[in-house]
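Please look through the sequence and the 3D model below before reading on. The report that follows describes selected parts of it, one after another.

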Amino acid sequence: MSFQKAADLLRLAELATARYQGVSLTEIEEEFRVDRRTAQRMTRALEEMFPHCITRVDDERRKFWKLRADQARLMLAQGIRDSELAALELAIRRAEREGLATEVRALSGLRDRLLAAMPGPHARRAEADAEAVLEAHGFASRPGPQVRIGPDLMGVIGEALKGPHVLTVVYAGGRDPDRARRLEPHGLLLGTRRYLVAREAGGDGRMQHYRLDRITSARLEADSFARDPGFDLSTHAARAFGSFHTDAEYGEVVWRFTPAAAATAREFLFHPTQEMTEGEDGSLTVRFTASGHLEMAWHLYIWGDAVEVIAPEPLRAMVDRHRRGDFPALP
């Protein structure tokens, strides 16, 4: 067995141990980017190396392979790798910068338990290697302006989302800024501005956006509620270019990048629904469906005159007078 195959087998044992139901052939194909026959060979090797491996078939006739933690000593003996510890440290630092106090505590506790379970020399070496990785990367911080959000607010919202529990907030916006609102939170949109996606308890059921920097107080209630089973945060978020959307602006968006900017633009994911087409002259046309013209205009400005808005016309009119040709670099 090659070193790579041995590493893949240990990774498969990790998956079979970590996942409650075990791991299926489809999941193996996706994780290791292999075809069905290779996935089947990997499961046979897993059964040979771990004789106590349990298999089962669910109601949809999918087969799963499962290892109990106490039967996977070879896998557990690997401990925590420096790259894994570095990734965990990066997540903690990002959460700290974004004021996510609950996530910081949870991730820090996980890191400490993992290190405590490792032999002393191994733990110290992993910590030292992880710190070196963080220093070498240098991109552990996210520069640029950010709207300040109180850590207490993020903690309360996090608890409400996990419950789910009703939130009572005072919102400095709208026609009645001092009114206490009882909200049923369904998610967060994190962009230039951060929004809580929620519906008013006892209201018409429509999802609305509340800017976090305008929530002056928030209180977690004991009342729980039933989430809307038809609501999907990813689908909802895709209706916007950034974190703000309005039905009045929702529609097709078409941008054409010049041949000089096409290679750079091709590396961007502007929107989950985007389609890119190459022009005969080397230009690149990007199409997607979304709303939020103002956030689009903010982004388009950094491209100078290297991009032209084909549609919609209101967005074209918004940016046309501000296209510049003297920017020294592309985004």
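R33 is exposed, having a relative accessible area of 79%, where exposed means over 50%, buried under 20% and partly exposed in between (1.4 Å probe, protein chains only). The structure is a predicted model, in which local features need pLDDT of at least 70 and side-chain atom pairs count only at pLDDT 80 or more, while totals for chains, interfaces and linings use all residues. Residues are numbered from 1 along each chain as its sequence is written, and side-chain values use heavy atoms, with hydrogens and water left out.

R33 shows a positive phi although it is a residue other than glycine, and R61, which is not a glycine either, also has a positive phi. The table sets out the values and the places of these two residues, naming helices (H or I, at least four residues) and strands (E, at least two) as DSSP runs numbered from the N terminus.

| Residue | Phi | Loop | Relative accessible area |
|---|---|---|---|
| R61 | about 65° | between β2 (54–57) and β3 (63–66) | 76% |

## The protein as a whole

The secondary structure of the protein comes to twelve helices and twelve strands, and 38% of its 331 residues count as buried. The protein exposes about 19,700 Å², of which carbon and sulfur atoms supply 51%, with areas coming from the Shrake-Rupley method with a 1.4 Å probe and, for residues, only the protein chains shown counted as cover.

The axes of α2 and α3 come within 9 Å of each other and cross at roughly 105°. That makes α2 roughly perpendicular to α3, a description used for angles of 65 to 115 degrees, whereas those under 35 count as roughly parallel, those over 145 as roughly antiparallel and the rest as oblique. Such axes are lines fitted to C-alpha atoms, for helices over the stretch in contact, with angles running from 0 to 180 degrees between N-to-C directions. Where the two helices meet, L25, T26, I28, E29 and F32 in α2 face R36, A39, Q40, M42 and T43 in α3.

## An antiparallel sheet

Five strands form an open sheet in the order β7-β6-β5-β4-β8, with antiparallel pairing; two strands pair if DSSP finds at least two bridges between them. At the edges lie β7 (208–211) and β8 (215–224), each of which pairs on one side only, and the twist from one strand to the next averages 50°. Six bridges join the antiparallel strands β4 and β8, and Y171 has I215 in β8 as its bridge partner.

## Nonpolar cores

A nonpolar core is a set of buried Ala, Val, Leu, Ile, Met, Phe, Trp, Tyr and Cys residues joined through side-chain atoms within 4.5 Å. In soluble globular proteins, nonpolar side chains tend to be buried together. The largest nonpolar core here has 21 residues, and those that touch the most other members are W255, F257, F270, F288, M296 and L315. At least two residues of this core come from each of β9 (251–257), α10 (259–266), β11 (284–290), α11 (293–301), β12 (307–311) and α12 (313–320), and β11 gives the largest share, four residues. Another core, of 19 residues, lies apart from this one and includes L100, V104, L153 and M154.

What does F270 contact, leaving aside its neighbours within four places in sequence? F270 is in contact with F241, W255, F257, A265, M276, V286, F288, H299 and W303.

## Helix α11 and its surroundings

The buried residues of α11 are H293, E295, M296, A297, H299 and L300, and they pack against β9, β11, β12 and α12. Why does H293 count as buried? H293 counts as buried because its relative accessibility is 7%. Not counting residues up to four places away in sequence, H293 touches E249, P312, P314, L315 and M318.

## Two cis peptide bonds

P312, one of the residues that H293 touches, lies in the loop between β12 and α12, and the peptide bond joining A311 to P312 is cis, with omega about 0°. The peptide bond from G163 to P164 is also cis, with omega near -10°, and P164 lies in the loop between α8 (151–162) and β4 (165–171).

Methods. Contact means heavy atoms within 4.5 Å.
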